[in-house]
Amino acid sequence: MAFAGILKDADIAAAIKDCAAADSFNYKTFFVKCGLSAKSSDEVKKAFFVIDQDKSGFIEEDELKFFLQTFKAGARALTDAETKAFLAAGDEDGDGMIGVDEFAVLVKA
């Protein structure tokens, strides 16, 4: 598990279950439920680099679409509306991507 040592499997499973229905994803609720919002800034940065699948240093829209699947294989993809809302919430500088500092702000929001 990519989040081993950072998050508990049971917390991840509960957070994924909470947003199993299409258009039910809320990043604030998800980060609280999976336990990420309570983690240290170093642990949040480690989580960012797990989600940054292409190792570009940014989380792009296509990585956000499959955000839940980075937490648990078989989880659903985010809808286009959820993906765009998630990106808009995290992209503070308007470059169309979420950097590590923007992600840390989003997790702690």
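Me: What does Thr-79 touch, leaving out residues up to four places away in sequence?
Reply: In this predicted model, Thr-79 touches Ala-22, Asp-23 and Lys-65, once residues up to four places away in sequence are set aside.

Me: With which side chain does the Thr-79 side chain make a polar contact?
Reply: The partner is the side chain of Asp-23, at 2.7 Å.

Me: And where does Thr-79 lie?
Reply: Thr-79 is in the loop that joins helix 5 (67-71) to helix 6 (80-90).

Me: Does Thr-79 count as buried or exposed, and why?
Reply: Thr-79 counts as buried because its relative accessibility is 19%, and the cut-off for buried is under 20%.

Me: Let us turn to the core. Which residues have the most contacts inside the largest nonpolar core?
Reply: They are Phe-30, Phe-31, Leu-36, Phe-67, Phe-71 and Phe-103, in a core of 31 residues. Two or more residues come from each of helix 1 (9-18), helix 2 (27-34), helix 3 (41-51), helix 5, helix 6 and helix 7 (100-108).

Me: Which helix gives the most to this core?
Reply: Helix 3 does, with 5 residues.

Me: What does Leu-36 touch, again beyond four places in sequence?
Reply: Leu-36 touches Ile-6, Leu-7, Phe-31, Val-44, Ala-47, Phe-103 and Val-107.

Me: Back to helix 3. Which of its residues are buried?
Reply: Val-44, Ala-47, Phe-48, Val-50 and Ile-51 are the buried residues of helix 3. Viewed down the helix axis, they fall within an arc of 160°, so they line one face of helix 3.

Me: What do these buried residues of helix 3 pack against?
Reply: They pack against strand 1 (58-59), helix 4 (61-65), helix 5, strand 2 (98-99) and helix 7.

Me: Which exposed residues are on the face turned away from the buried side of helix 3?
Reply: That face carries Asp-42 and Lys-46.

Me: How does Val-100 count by accessibility, and why?
Reply: Val-100 counts as partly exposed, because its relative accessibility is 22%.

Me: One last topic. Which residues does the UniProt "domain: EF-hand" annotation cover?
Reply: According to the unreviewed UniProt entry, the annotation covers residues 39-74. Over residues 39-74 the chain is 58% helix and 6% strand, with the end C-alpha atoms 25 Å apart.

Note on methods. Residues numbered from 1 in each chain as written. Predicted model: local features only at pLDDT ≥ 70, side-chain atom pairs only at ≥ 80, totals over all residues. Heavy atoms only, no water. Helix = DSSP H or I, 4+ residues; strand = E, 2+ residues; numbered from the N terminus. Buried < 20%, exposed > 50% of the residue type's maximum accessible area, 1.4 Å probe, protein only. Polar contact = N/O pair within 3.5 Å; in protein donor to acceptor, adjacent residues only side chain to side chain. Contact = heavy atoms within 4.5 Å. UniProt positions renumbered as here; feature names shortened; annotations may be inferred. Core = buried A, V, L, I, M, F, W, Y, C linked by side-chain atoms within 4.5 Å. Arc of directions from axis to C-beta.
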